[in-house]
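Welcome! Here is a short tour of a structure that may be new to you, with a few headings to guide the way.

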Number of protein chains: 2
Amino acid sequence: MINQRHLDDLFAFLRFASVSTDATYKSQLDLCADWLITKFSNMGLNAELHPTPGHPIVLARTKTDPAKKTVLIYGHYDVQPVDPLNLWTHPPFEPHLENGIITARGSTDNKGQILSHILGVQETLKLTPELPVNLIFLVEGEEEIGSPNLASFIQTHLTELACDVIVISDTGMVAPQHPTFTYGLRGIAALEIFLQGPDKDLHSGIYGGAVANPITVLTRLIASLHDEQGRIAVPGFYSEVRELQSWERDSWKTLPLNDAELLLLTGSPSLTGEAGYSALERCWARPTAELNGISGGYQGEGTKTVLPSKASAKLTFRLVPDQDPETIIERVCTHLKTSCPTSVHMELKLGHSGKPYLVDPNSPYGLAAQRALSCAFPVNAIALIREGGSIPIVATFKELLGVDTLLLGLALPDCRAHSPNENFPLENFAAGILLNQKLLKELAL
Amino acid sequence: MINQRHLDDLFAFLRFASVSTDATYKSQLDLCADWLITKFSNMGLNAELHPTPGHPIVLARTKTDPAKKTVLIYGHYDVQPVDPLNLWTHPPFEPHLENGIITARGSTDNKGQILSHILGVQETLKLTPELPVNLIFLVEGEEEIGSPNLASFIQTHLTELACDVIVISDTGMVAPQHPTFTYGLRGIAALEIFLQGPDKDLHSGIYGGAVANPITVLTRLIASLHDEQGRIAVPGFYSEVRELQSWERDSWKTLPLNDAELLLLTGSPSLTGEAGYSALERCWARPTAELNGISGGYQGEGTKTVLPSKASAKLTFRLVPDQDPETIIERVCTHLKTSCPTSVHMELKLGHSGKPYLVDPNSPYGLAAQRALSCAFPVNAIALIREGGSIPIVATFKELLGVDTLLLGLALPDCRAHSPNENFPLENFAAGILLNQKLLKELAL
């Protein structure tokens with residue numbers, strides 16, 4: 001199924017350094033969006049570039065036949081930052097193919113996956129004059145920064161985006177060749193804490209002991225977010241958490257992804273976390289308070305005996321049904337404000353957020369998706385899982401367009417999404433192309 | 001007293017970016033040492049450059065007359081790093097003179113102070129053919145990194161360095177024009193903590209909850225160093241701490257440096273610290289566990305939803321009599337090792353250290369120094385203080401050369417040593433020159 005033209009397309013797509021979080025890459029995002037427009041147009045789709053206050057949205061569609069169902073396929077062309085760059089074995093934007101594995105930033109998340117759908121449609125259109133469904137491609141450039149402009153775009157384009165079901169391949173498979181259907185996602189809420197003590201860096205000998213050290217205060221605030229058992233200690237944090245159902249716990253125990261393998265994938269000294277839950281349960285169905293970064297004082301070579309003026313930390317909370325990001329962040333901020341001593345100034349900066357998601361995998365569209373998955377992958381049993389990551393737009397789709405999303409992931413557990421040496425196997429790229437062809441047929445029934 | 005040639009010398013001395021902690025400045029340190037050699041030689045002193053495995057030591061001396069006492073004046077030509085550079089109002093190595101104040105890195109710590117002694121000797125030698133004492137200048141380039149090569153240099157040059165008393169101007173005055181004699185210093189012990197959890201940065205959604213986040217663990221370890229009352233919670237930390245004597249507490253209450261002024265100098269929202277002690281007592285006579293820097297995960301613009309592989313922190317402990325740096329660091333390391341969970345790897349890297357120092361201000365040499373101080377400054381009452389900073393070499397001098405050190409500081413409380421916009425008033429530069437002239441006479445008696 002994979003031919004040189006498919007590979008050429010993938011490599012061209014991956015060469016754009018479309019890092020959405022960093023303004024210096026803006027032109028690469030624009031060029032990447034233009035490349036998609038050209039690709040869709042060449043396939044005979046009606047493609048439109050929609051500028052936003054941030055990065056442009058690419059919309060492409062077939063002609064609309066009222067007799068057919070309408071399927072919307074969503075993906076994103078933006079990628080995560082690449083640092084630490086020195087840990088990459090090859091430059092992140094020069095795709096490298098070896099032993100059937102493509103290494104490049106965005107290869108799995110999400111360029112490889114969304115391109116397999118695009119090429120699936122391309123192949124079908126070579127065989128038949130028309131698709132079995134009306135198709136809309138919606139490919140945005142701001143997923144990695146929380147899709148700040150997508151909801152308003154949907155709201156102003158409700159008619160154009162009206163559809164029966166949405167398909168996203170931006171999730172994972174439990175193991176190679178195992179078809180996987182993701183019926184739940186964690187939500188997210190981002191927060192930055194900024195502390196200032198003295199109005200300048202001080203000599204830690206001359207003044208140390210008489211004024212608060214903002215790093216010390218920050219560490220105490222962060223430490224107060226968890227208790228000794230690894231549970232989040234913010235009052236009310238768990239109030240709306242829906243407990244796992246017994247069929248989920250039972251079914252997940254049979255998956256070809258166990259604790260030993262998870263440990264290997266993470267390269268950690270050991271697994272750890274909330275008592276009473278397996279590692280998969282902790283990742284898929286329990287909320288977290290995760291530190292993404294911390295910074296303060298002197299970080300260069302050697303020692304600088306400074307009592308720093310400032311310290312800051314970046315946090316994201318992963319949320320599960322039925323936690324609401326706004327409510328949770330409000331509780332966290334209240335906890336931090338209550339805990340922060342008056343010896344430092346604290347500023348809290350709210351970041352992006354998205355609601356958790358949960359859907360019935362055995363709805364008619366869910367069953368159609370399961371049939372298509374069965375065809376596209378060698379293993380028969382379909383893994384029904386939730387995922388720890390967040391695709392906040394899924395909840396937004398449900399809210400604004402009133403439709404469910406089928407999450408049909410093509411990422412392997414060791415794809416290193418968001419990490420150095422992100423990679424994507426060619427066999428998954430091929431499976432994705434086939435999956436798209438089968439899926440559109442099944443959804444048309 | 002200050003003439004243009006003195007100013008030219010100071011500016012030339014300050015223009016060397018002699019940052020000892022950063023290897024990229026090596027050549028600037030060499031050039032700075034060469035400049036001193038030339039300066040001493042031009043004054044008629046016998047000057048020698050002594051290379052070390054790090055930065056060179058400059059030694060200069062008068063001819064030795066066995067009938068005279070020998071005074072050793074110690075100083076350093078290396079300076080602290082300059083970051084954060086953007087907070088400087090003028091480039092740190094382009095000295096700026098305005099309203100009688102010189103702003104430059106090293107202006108107070110220690111170039112301005114050691115140069116005033118050098119110029120004091122130069123002026124005396126213009127008036128008289130010989131000094132009243134045998135004089136040795138010892139100026140090193142590694143004070144800001146803990147003088148790693150000075151002790152061994154002293155040990156191999158015991159005869160050349162034999163002296164009756166040592167003088168150092170690298171401490172502070174309690175207020176402008178107030179002569180100040182420092183009879184105690186805190187010691188120091190530096191430590192870096194490195195934690196590694198996963199062997200690569202992970203997606204915080206996919207894996208968050210199942211593995212330890214090294215930042216979270218680090219913050220909990222650091223938080224465990226203090227109790228709720230701001231006392232250090234490491235077992236045995238206070239065991240050898242000598243309590244303040246009542247004359248010290250009484251005398252310090254009368255100093256022209258009070259809590260309100262300290263608060264103003266630090267620019268902090270409030271003063272804080274160990275209960276039962278004033279701010280001066282906390283800084284001068286109580287030990288601390290201070291965070292100099294912390295680092296981990298993503299620190300760039302925006303959000304990166306990463307579960308980081310690594311986190312690290314730089315700490316220095318300030319110690320008071322009779323704490324021993326080695327014993328204290330051992331107790332801290334034991335505490336950290338006991339507290340660190342097995343879900344991360346911890347590496348502890350010991351840094352430089354120095355013992356605390358305490359001397360009798362009313363010894364014969366102490367009284368001589370007090371007489372010289374009285375002459376050099378307008379205010380009569382001499383402030384007898386301790387200091388929070390560390391000059392570890394003072395304890396080393398006592399140990400190896402068997403002599404006491406007179407700490408006669410010229411730095412003002414707002415000199416911003418180690419901070420952006422470090423500065424030194426011309427009037428202190430002039431007072432230092434006069435102090436040196438009076439001091440050598442008084443010590444000769």
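## Where the chains meet

Buried area is the accessible area (1.4 Å probe) that two parts lose on being put together, summed over both. In this predicted model, chain A and chain B bury about 7400 Å² between them, with 51% of it on carbon and sulfur atoms. Arg220(A), Ile294(A) and Lys304(A) supply 9% of the area that chain A buries against chain B, more than any other three residues.

Counted by contact (heavy atoms within 4.5 Å), 86 residues of chain A touch 87 residues of chain B.

## Bonds across the interface

A salt bridge is a side-chain nitrogen of Lys or Arg within 4 Å of a carboxyl oxygen of Asp or Glu. The rule finds 2 salt bridges across the interface of chain A and chain B. Glu228(A) forms a salt bridge with Arg220(B), with the closest N and O atoms 3.6 Å apart. Strand E11 (residues 288–297) of chain A gives the largest share of the side of chain A that touches chain B, 9 residues; helices (H or I, at least four residues) and strands (E, at least two) are DSSP runs, numbered from the N terminus.

## A buried glutamate

Let us turn to Glu290(B), which lies in strand E11 (residues 288–297) of chain B.

Among the residues in contact with Glu290(B) are Ser204(A), Leu307(A) and Lys314(B).

## Salt bridges within the chains

Over all chains, the structure holds 36 salt bridges. In chain A, the side chains of Arg286(A) and Glu274(A) meet in one at 2.7 Å, N to O. Both Arg286(A) and Glu274(A) are buried. Arg231(A), Glu243(A), Glu274(A) and Arg286(A) are linked in a network of salt bridges.

In chain B, Lys126(B) forms a salt bridge with Glu123(B), with the closest N and O atoms 3.4 Å apart. Lys126(B) and Glu123(B) are separated by about one helical turn because they are 3 residues apart in helix H3 (residues 107–127) of chain B. Lys126(B) counts as partly exposed at 48% relative accessibility, whereas Glu123(B) is buried at 14%.

## Reading the numbers

Residues are numbered from 1 along each chain as its sequence is written, and chains are lettered from A and ligands numbered from 1 in the order in which they are written. Local features need pLDDT of at least 70, side-chain atom pairs count only at pLDDT 80 or more, and totals for chains, interfaces and linings use all residues, while side-chain values use heavy atoms, with hydrogens and water left out.

Terms used: Buried means under 20% relative accessible area, exposed over 50%, partly exposed in between (1.4 Å probe, protein chains only). Lists of a residue's contacts leave out its neighbours within four places in sequence.
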